[in-house]
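Subject: Structure handover

Hello,

Here is the structure I said I would pass on. Please open it and keep it beside this email while you read.

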Amino acid sequence: SKRMGSKAIIKINDRFCRQEEINRIAIVAPMAKVNIIKNFKVTEKRAVTIPETIRGFVRCANPKCITNNEPVETSFQVVRDGEQEIALRCRYCEKITHRQQIEIVK
Ligand SMILES: [Zn+2]
């Protein structure tokens with residue numbers, strides 16, 4: 001349907017299909033379907049599920065946050081942001097990082 005316009009199919013090699021990787025995709029593309037490719041064949045289709053907690057790979061949007069100034073791993077609670085969007089609430093400074101602001105850090 002039109003409302004599902006952001007739906008996408010993401011094909012990933014099976015060596016990247018650890019749940020942590022899938023969770024990363026969920027944050028960037030919450031409507032995505034993930035196809036797991038093994039030996040050039042789709043072996044598995046997974047809908048991404050958005051985890052309740054995100055740790056470590058997203059930067060907090062608040063430059064004053066302790067996680068941007070000290071070697072502290074980020075930790076966010078996933079919250080709704082409107083009807084289809086999600087946002088991340090920092091557990092340290094409580095600042096909301098909206099999905100468009102999400103910056104993946106390794
Ligand atoms: Zn923060």
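In what order do the four strands of the open sheet stand? The order is β4-β5-β6-β7, and the pairing is antiparallel. Strands here are DSSP runs of E with at least two residues, numbered from the N terminus, while helices would be runs of H or I with at least four residues. Two strands pair if DSSP finds at least two bridges between them.

Before going further, two notes on the source. This is a predicted model, in which local features need pLDDT of at least 70 and side-chain atom pairs count only at pLDDT 80 or more, whereas totals for chains, interfaces and linings use all residues. Residues are numbered from 1 along each chain as its sequence is written, and side-chain values use heavy atoms, with hydrogens and water left out.

β6 (residues 85-90) pairs with β7 in the antiparallel sense over three bridges. T97 in β7 is the bridge partner of L88.

The zinc site

Which residues coordinate the zinc ion? They are C60, C65, C90 and C93, each through its SG atom, at 2.3 to 2.4 Å. Donors are N, O and S atoms within 2.8 Å of the metal (3.2 Å for Na, K and Ca); water is not among the atoms, so sites may look incomplete. Along the chain the donors follow the spacing C-x4-C-x24-C-x2-C. C65 lies in the loop between β4 and β5 (75-81) and C90 in strand β6, so this pair ties together parts that are 25 residues apart in sequence.

Why is the arrangement tetrahedral? The four donor atoms subtend angles of 101 to 117° around the zinc ion, which makes it so (four donors count as tetrahedral if all angles lie between 85 and 135 degrees). The ideal angle for four tetrahedral donors is 109.5 degrees.

Both C65 and C90 are buried. Buried means under 20% relative accessible area, exposed over 50%, and partly exposed in between (1.4 Å probe, protein chains only).

Two loop residues

T67 lies in the loop between β4 and β5 and, at 10% relative accessibility, counts as buried. Not counting residues up to four places away in sequence, T67 touches C60, V72, E73, T74 and Y92 (contact means heavy atoms within 4.5 Å). E94, in the loop between β6 and β7, is exposed, with a relative accessible area of 58%. The phi of E94 is near 70°, a positive value in a residue other than glycine.

The cores

A nonpolar core is a set of buried Ala, Val, Leu, Ile, Met, Phe, Trp, Tyr and Cys residues joined through side-chain atoms within 4.5 Å. The largest one has 12 residues, among them I27, F57, C60, C65, I86, L88 and C90. β5 and β6 are the elements that give two or more residues to this core, and β6 gives the most, with three. A second, separate core of six residues includes I25, A26, V34 and I36.

The other hairpin

β2 (residues 33-38) and β3 (residues 41-47) pair in the antiparallel sense over six bridges. V34 has R46 in β3 as its bridge partner. Two residues stand between the strands of this hairpin, where N39 takes a positive phi near 50°.

Regards

How values were computed. Four donors count as tetrahedral if all angles lie between 85 and 135 degrees; four count as square planar and six as octahedral if opposite donors are over 155 degrees apart and all others between 65 and 115; anything else is irregular.
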